Amino acid sequence: MSRARRAAPTVLVAGLLLLAGLWGLGAASPWWDEGWTLSVARTWVERGFYGRLQLGQPAAPGLEAAFPVTDLVALSFRLFGVGVWQGRLPIVLCAVGALALMFELARRLHGRAAAWATLSLLLLPPHGQLNGLLMGRQVLAELPMLCYLLAGYASLLLALRRPIAGLPLAIVCLALGLLAKLQAVPFVLVSLLLPLALLLLQRRWRPAAILAAALAGAWFGGYALVAGQRALVAGHTLPPVALPGLVSVTALVPSLALRPVVLRTVLVYALPQLLGIAVALWQFAWRERLRLDSPAAIVRCALLLFAASWMAWFAGFSIGWIRYLLPATFVGSLFAGELLARLSGGSPRAAIGRVAAALRARRPNRPALGGLLALALLAALLPSGVLALGRGYAAPDGSAMQAAAFLNTQTPPGARIETYETELHFLLDRPYHFPPDQVHVAIDQRVLLGRDVPLGYDPLALAPDYVVVGLFGQFSGLYNAIISDRSFRLIRRDGVYEIYERIRG
């Protein structure tokens, strides 16, 4: 089969995914996590300053995505103008790239049937925050990170065969992936260091040298990229503010009280991936005796360790936000797809045939039991997956844009607006103010972990003219005192957003 014919299914998948990703891209309002990145990108494009604004004045960058993501958004703004769909466009492209790379890696490592099963699991997970396409329609770092990293692993597969052609690309892509979301660093290290150790033990010096070069190159390449970014924004930014305690509410949360809830999340929303990873680990450890005797085996081992270590961290040490499970389920779908393809005989139709044949013969057998298990998993996942995908495209909520339009047109140009709804920061043309980032850490400690931590923030200190309370304001309770304060009155509601105006005596 020619190279063009082999690539045709992947190209077709990418084209269809791109159409689905672009459909109604700017109809839904951005939300809190998107707001930080969109705001910094807008400020950089419009004012030449890499950071945020406080009451119209430059402020330090903070909780926005890292520069390999924020720079893409800013580039899109420069090319197409500032807007919601323009900000989301590069993330959609990254999502399509990540999904197409997963399909191609599954095809190369496990065959065509496994590739289609993998793609089905990626597009129809039982929760919208685990859906690669839906998450790629938001300005978040997960899909760019996965796109960069998967391009790095795919390039590594090429580098193990042709180092000159593949190694430079692998280094650049892995470096970008590590920087796009620093959360990935320990899992990428595990995925490359353990295969490197096995290759050295097995005295496979050439692939070991290539893997070591890729790892070292990505590590030092990351430093070079950071230095380049600093040179690019030198004189046009402020030093970021340190956030003590952030790791304790996002990365390392050894709370025994949370573990049953987190484990339930894994079992309910990631069971196929969990089974696929467990079976793949067992096969690699016991049946294959840890052998890494081909480029495909090395890259497969790296991807397996990435998914397994991320899922283990999520179960054992994370705060339990389901979005943090996405990278593990995304890459883990490679092994769940392989398992489903093997159990089903290559397709649902083949699985039905196996079960029907066993029923006619009244003699159960292993292929029939495997087909039955595959069909049971599909029957359990398909309805919730279709429902989650449908919800992602159903009647988009534009209330943030409506609230911002009111504030931009129905308030005095110099009116001061106090709000922690960062999506409004991006949309507003009025000066706004929000709490220091350390307040966010304190809110997470209080609300999520039940710790008695003072917020230490007075929303009225700078005498705002308007206060807007949305989902994050309600979640944090930051503005509860204002809501009951007689010096403010509610003048408008747009969806979840409540706009309060100061009463001038």
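Biologist: Which residues are linked in a network of salt bridges here?

Modeller: A salt bridge means a side-chain nitrogen of Lys or Arg within 4 Å of a carboxyl oxygen of Asp or Glu. Here Asp33, Glu142, Lys181 and Arg323 are linked in such a network. Keep in mind that this is a predicted model: local features need pLDDT of at least 70, side-chain atom pairs count only at pLDDT 80 or more, and totals for chains, interfaces and linings use all residues. Residues are numbered from 1 along each chain as its sequence is written, and side-chain values use heavy atoms, with hydrogens and water left out.

Biologist: What does the salt bridge between Asp33 and Arg323 tie together?

Modeller: Their side chains meet at 2.2 Å, N to O. Asp33 belongs to helix H2 (residues 32–47), while Arg323 sits in the loop between H14 and helix H15 (326–344), so the pair ties together parts that are 290 residues apart in sequence. Those element names come from DSSP: helices are H or I runs of at least four residues, strands are E runs of at least two, and both are numbered from the N terminus.

Biologist: Is Arg323 buried or exposed?

Modeller: The scale goes like this: buried is under 20% relative accessible area, exposed is over 50%, and partly exposed is in between, using a 1.4 Å probe and protein chains only. Arg323 is buried at 12%, whereas Asp33 is partly exposed at 22%.

Biologist: How many salt bridges does a search of the whole structure find?

Modeller: It finds 15. One of them joins Arg108 to Glu104, at 3.0 Å from N to O. These two are 4 residues apart in helix H4 (residues 84–110), so about one helical turn separates them. Glu104 counts as buried, at 14% relative accessibility. Another salt bridge joins Glu498 and Arg493, whose closest N and O atoms are 3.3 Å apart. In that pair Glu498 is buried, at 15%, but Arg493 is exposed, at 54%.

Biologist: On to strands. In what order do the 5 strands of the open sheet come?

Modeller: First the idea: strands of a sheet pair through backbone hydrogen bonds, either parallel or antiparallel. Two strands count as paired if DSSP finds at least two bridges between them. In this model the order is S4-S3-S5-S7-S6, with mixed pairing. Strand S4 (432–433) and strand S6 (488–494) are the edges, each pairing on one side only.

Biologist: Which way do the neighbours run, parallel or antiparallel?

Modeller: Strand S3 (residues 417–419) and strand S5 (residues 466–469) are parallel, over 3 bridges; Glu418 has Val467 in S5 as its bridge partner. S6 and strand S7 (residues 497–502) run antiparallel, joined by 6 bridges, and Arg489 stands opposite Glu501 in S7. The hairpin of S6 and S7 has 2 residues between the strands, and there Gly495 takes a positive phi near 60°.

Biologist: Which residue other than glycine has a positive phi?

Modeller: Arg203 is one of them, with phi near 60°. Arg203 is in the loop between helix H9 (185–201) and helix H10 (205–233), and it is exposed, at 63% relative accessible area.

Biologist: Now the inside. Which residues touch the most other members of the largest nonpolar core?

Modeller: In soluble globular proteins, nonpolar side chains tend to be buried together. A nonpolar core is a set of buried Ala, Val, Leu, Ile, Met, Phe, Trp, Tyr and Cys residues joined through side-chain atoms within 4.5 Å. The largest one has 140 residues, and Tyr153, Leu192, Leu303, Phe330 and Tyr420 touch the most other members. Helix H14 (residues 295–317) gives the most to this core, 15 residues. A second, separate core has 9 residues, among them Ala336 and Leu381.

Biologist: And what makes up the nonpolar surface patch?

Modeller: A patch takes residues with over 30% relative accessible area and no salt bridge, joining like charges within 9 Å or nonpolar side chains (Val, Leu, Ile, Met, Phe, Trp, Tyr) within 5 Å. Areas come from the Shrake-Rupley method with a 1.4 Å probe, and for residues only the protein chains shown count as cover. Leu75, Leu79, Phe80 and Trp85 make this patch, of about 420 Å². Helix H3 (residues 67–80) supplies the largest share, 3 residues. Leu75, which lies in helix H3, is partly exposed at 45%.
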